[in-house]
Amino acid sequence: MASHRASSTTGLVLLLASLTPHLTLAEPIPGGPKCLWNPAGPLHSRERTSCPLAVDDTSPPSALDASPWLQPLKCRHSRTQSGRSSSIVETSTNGEAVRCVYSTHDFRGAGLSLVTRPETAANIVGLGGLDDLEASPMSLERVYGRFSTGPSISKSGRPAYAVEDLPGKGKGVIARRRIVKGEVFMVDYPALLVEAGMMSELTPGMRKGVVKLAFENLPRETGAEVLDLAKSTGGDEVLDAFTTNSCNVFMADGEAHLGLFPEVSRMNHACEPNAFYRFSPRSLTVEVAAYRDIEPGEEININYAYLGMPYKERRKYLQDSWNFNCTCHLCLADTATREGSDARRMAIANTRNALTDAQKAGRHGEAIEKAGELVGLCEEEGLFPLVAGFYDSMARGYLEIGDVEDAQVYAELALGGWLEYYGEDSVKVEGGLELLDAIGRRRDKQG
């Protein structure tokens, strides 16, 4: 691992310095209702000191007047509040939760409709998720100052990509200029966000009602854009478009939601993609960046499946979830190539189990060794987003045995990976900062 260590500290310091002048951990916010998240994100100083009220259809008029959401709200309360009517079905088992449709026509000029808990909706407002990015002091100016939804534009005026018709695939995204590794070439915002846990417990008819209610609150132009997307399941076209094109994203309170991002939805799948996306719960923004250099004329792909799935598992998953058989380069490779890939992926799964066993048993030296093996396996297989987690395991192992210098090196490598593949607002980034803080305290204690 020596090759990683030489430049890790300098590179990470430069990266963090470019993001913010003040590197701080999350702290409680005084005053007002309790926030569910650090509103400014782990790498940004805070502007807000309290969270807005969580409102539903029972909130007093004064609270509703202050809400950015279209009125009247449509909500479903728990069975303990009988007699209330709604099109949204409550799935909570605690007898107290509420789900509402929250919509706005002002979001990023295209509108947004989400189905979620009042607390999550309030948290989005508190984070500044609905604020105009150009005017927000917390906006990522290095990205949003250059372009809005869609492709980035080069200095010569060339867009990064175009959406085109592709034989046998419907539409797809084709590079129109060279896109360098790590470049953010697409930014997109959600049209629909629906709480995933609720959707998983509903009958098909109930899911149709929930999605249709949220869809009907979108501006007409945005609704037409959603209906123009690919469909794969048949039946109701709104539910079909949502099911085919939505992806999992995690809000700031940790709640999984299904998000439909119209521009991102144009990208097709590949098991060895040349691009990846990351979601910011603070700005409700997806950034798409290049895994590697992408040449003009190449199709740009992302991965729909879980990282590390072997050939047969991921083909079944893609068929069951999106009703297509993958024809990417890896799936069409010769038998020896596919079997080699599967062997590495199975080795990753087995070694990960051995790492977990060693960590639980307190065998820190063995855990460090297994995590190092996993780094090499993942890099060989091209599963780069997984590498940061194993650097984190190495850092924690070295910290347990009192080697703060090696712990520092691998904690910095882990944090760099979290930043690149998960984004500045990720809880993984905050965990990485906390680990570096713990290493610093141990170093001070050792003198």
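## Ground rules

Buried means under 20% relative accessible area, exposed over 50%, and partly exposed in between, using a 1.4 Å probe and protein chains only. By that rule C75, at 2% relative accessibility, counts as buried.

This is a predicted model, where local features need pLDDT of at least 70 and side-chain atom pairs count only at pLDDT 80 or more, while totals for chains, interfaces and linings use all residues. Residues are numbered from 1 along each chain as its sequence is written, and side-chain values use heavy atoms, leaving out hydrogens and water.

## The cysteines

Searching the whole structure turns up 1 disulfide (a pair of cysteine sulfur atoms within 2.5 Å). The partners are C75 and C100, with an S to S distance of 2.0 Å. They link distant parts of the chain, 25 residues apart: C75 lies in strand β1 (residues 74–76) and C100 in strand β2 (residues 99–104). Strands (E, at least two residues) and helices (H or I, at least four) are DSSP runs numbered from the N terminus. The torsion about the S-S bond is about 110°, so the disulfide is right-handed. C100 is buried as well, at 0%.

What about C326 and the closest cysteine sulfur? That sulfur belongs to C328 and sits 3.4 Å away, too far for a bond. C326 is buried, with a relative accessible area of 4%.

## Helices α10 and α11

The axes of α10 (residues 335–361) and α11 (residues 364–381) come within 9 Å and cross at roughly 160°; axes are lines fitted to C-alpha atoms over the stretch in contact, with angles from 0 to 180 degrees between N-to-C directions. That makes α10 roughly antiparallel to α11 (over 145 degrees; under 35 is roughly parallel, 65 to 115 roughly perpendicular, the rest oblique).
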